[in-house]
Amino acid sequence: MNLPEKVPYHLAVIMDGNGRWAKARGLPRQAGHRAGVENLRRVLRACGEFGIKILTIYAFSTENWGRPAAEVRGLLNILEMVIDRELKQLNDNGVQLRHIGELDGLSDMLQRKVCDAIELTRNNDQLILNVAFNYGGRQELVQAIRRIIADGVPPDDIDETLIDYYLYTGGLPDPDLVVRTGGEMRLSNFLLWQASYAEYYSTPTYWPDFDKDEMLKAIEYFGRRERRFGLVPQP
Ligand code: IPE
Ligand code: IPE
Ligand code: MG
């Protein structure tokens, strides 16, 4: 496979369609979520091959708490299982794990596992894997404003750079490309601030089927885009 010339430095993915993937096979939704985890492994490998440096994945939104309790429990179990089973391999592959969102609502044990995984991998530099779990773009802005006020920041010092710093993604560059699997054409509260000038790609392919070829299509689409950032086209 020829490697694409232009690759997003920071790829953000709304991993959607697990439930419909399972339904199409007559399986329970949880089977779709498990298949989604399997696929994440493939996508991580492909990120390395394509040379993507930051992957942000939307795994659980602040609104997803409203799903049936059994499904919520299943998704929390999956997070725990991924840490238990995949952490060693991720660390061996030089993946730096980060979390965006709130840890509130997770059990004490799960919170500790997440923090330990972040600590263990903090010096890795092959790929930053930024997991959005219990994440909401609005919630992110609320917590940023609260902390800015709590820190006593004078109003005149508040600018875009300062707000960036107070977001969960503080210190990371904005995503270049947001990919949504499962066909919807909306952000569903994902990276509202950071995605201002990201390119957007939506594919009907469900997340468990989003393989390396599908990823290549998204990256090639990105390569054809002219990013203008509000300016006029380059001559
Ligand atoms: C995405 O798949 C995973 C989460 C939102 C946690 P869905 O569970 O939303 O799958 P669909 O959209 O119902 O197919
Ligand atoms: C977005 O998917 C959240 C995640 C992928 C974690 P949803 O399935 O929750 O979004 P809506 O309900 O289609 O907007
Ligand atoms: Mg969905």
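Colleague: In which strand is glutamine 96 placed?

Modeller: Glutamine 96 belongs to strand 3 (residues 95–100), a strand being a DSSP run of E of at least two residues, numbered from the N terminus, and a helix a run of H or I of at least four. This is a predicted model, in which local features need pLDDT of at least 70 and side-chain atom pairs count only at pLDDT 80 or more, while totals for chains, interfaces and linings use all residues. Residues are numbered from 1 along each chain as written, chains are lettered from A and ligands numbered from 1 in written order, and side-chain values use heavy atoms, without hydrogens and water.

Colleague: Is glutamine 96 buried or exposed?

Modeller: Buried means under 20% relative accessible area, exposed over 50%, and partly exposed in between (1.4 Å probe, protein chains only). Glutamine 96 counts as buried because its relative accessibility is 12%. Its side chain reaches the backbone oxygen of asparagine 124 at 2.8 Å.

Colleague: Which atom of aspartate 16 lies 2.8 Å from an oxygen atom of ligand 1?

Modeller: It is a polar side-chain atom of aspartate 16. For glycine 19, a polar backbone atom is 2.9 Å from a ligand 1 oxygen.

Key: A polar contact is a pair of N or O atoms within 3.5 Å; within protein, one must be able to donate a hydrogen and the other to accept it, and residues adjacent in sequence count only if both atoms are side-chain atoms.
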